[in-house]
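Subject: Structure handover

Dear colleague,

Here is the structure I said I would pass on.

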Amino acid sequence: MGRSKLGRKKELALVALLESRDLKEAAEKVGVSEVTLWRWLRREDFRNAFREAKKEAVSPAITKVQQVCGKR
């Protein structure tokens with residue numbers, strides 16, 4: 001997964017980004033500025049980790065929908 005190399009603050013930022021309505025709210029949850037969070041999102045390692053985290057968060061929902069629709 002590679003996220004463990006990011007550090008605690010960035011790990012918390014990934015979670016906050018998934019849970020928050022917008023960048024401002026996520027930044028406040030983590031205790032960093034919006035600019036800092038925006039800069040982290042421009043970094044390839046952080047962006048890749050965020051993409052992976054979103055995939056992990058959404059995957060169970062997709063599986064559930066497929067099961068309900070009878071597609072496997």
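S20 is buried, at 13% relative accessible area; buried means under 20%, exposed over 50% and partly exposed in between, with a 1.4 Å probe and protein chains only. This is a predicted model, in which local features need pLDDT of at least 70 and side-chain atom pairs count only at pLDDT 80 or more, while totals for chains, interfaces and linings use all residues. Residues are numbered from 1 along each chain as its sequence is written, and side-chain values use heavy atoms, with hydrogens and water left out.

S20 lies in the loop between α1 (8-19) and α2 (23-30); helices are DSSP runs of H or I of at least four residues, strands are E runs of at least two, and both are numbered from the N terminus. Its side chain reaches the backbone oxygen of A16 at 2.6 Å and makes a polar contact with the side chain of K29 at 3.4 Å. A polar contact is a pair of N or O atoms within 3.5 Å; within protein, one must be able to donate a hydrogen and the other to accept it, and residues adjacent in sequence count only if both atoms are side-chain atoms. Neighbours within four places in sequence aside, S20 is in contact (heavy atoms within 4.5 Å) with E25, A26 and K29.

The other loop position is V32, between α2 and α3. V32 also counts as buried, at 17% relative accessibility. Not counting residues up to four places away in sequence, V32 touches K9, A27, L37 and W40. From V32 to K10 the C-alpha distance is 10.0 Å, across 22 residues of sequence.

Now the helix pairs. The axes of α1 and α4 (residues 44-69) come within 10 Å and cross at roughly 50°; axes are lines fitted to C-alpha atoms, for helices over the stretch in contact, and angles run from 0 to 180 degrees between N-to-C directions. α1 and α4 are therefore oblique to each other: under 35 degrees counts as roughly parallel, over 145 as roughly antiparallel, 65 to 115 as roughly perpendicular and the rest as oblique. On the α1 side, K10, A13, L14, L17 and L18 meet F46, A49, F50, A53, K54 and A57 of α4.

α3 (residues 34-42) packs against α4 at about 85°, with the axes 5 Å apart, so α3 and α4 are roughly perpendicular. L37, W40, L41 and R42 of α3 make this contact with E44, F46, R47 and F50 of α4.

Regards
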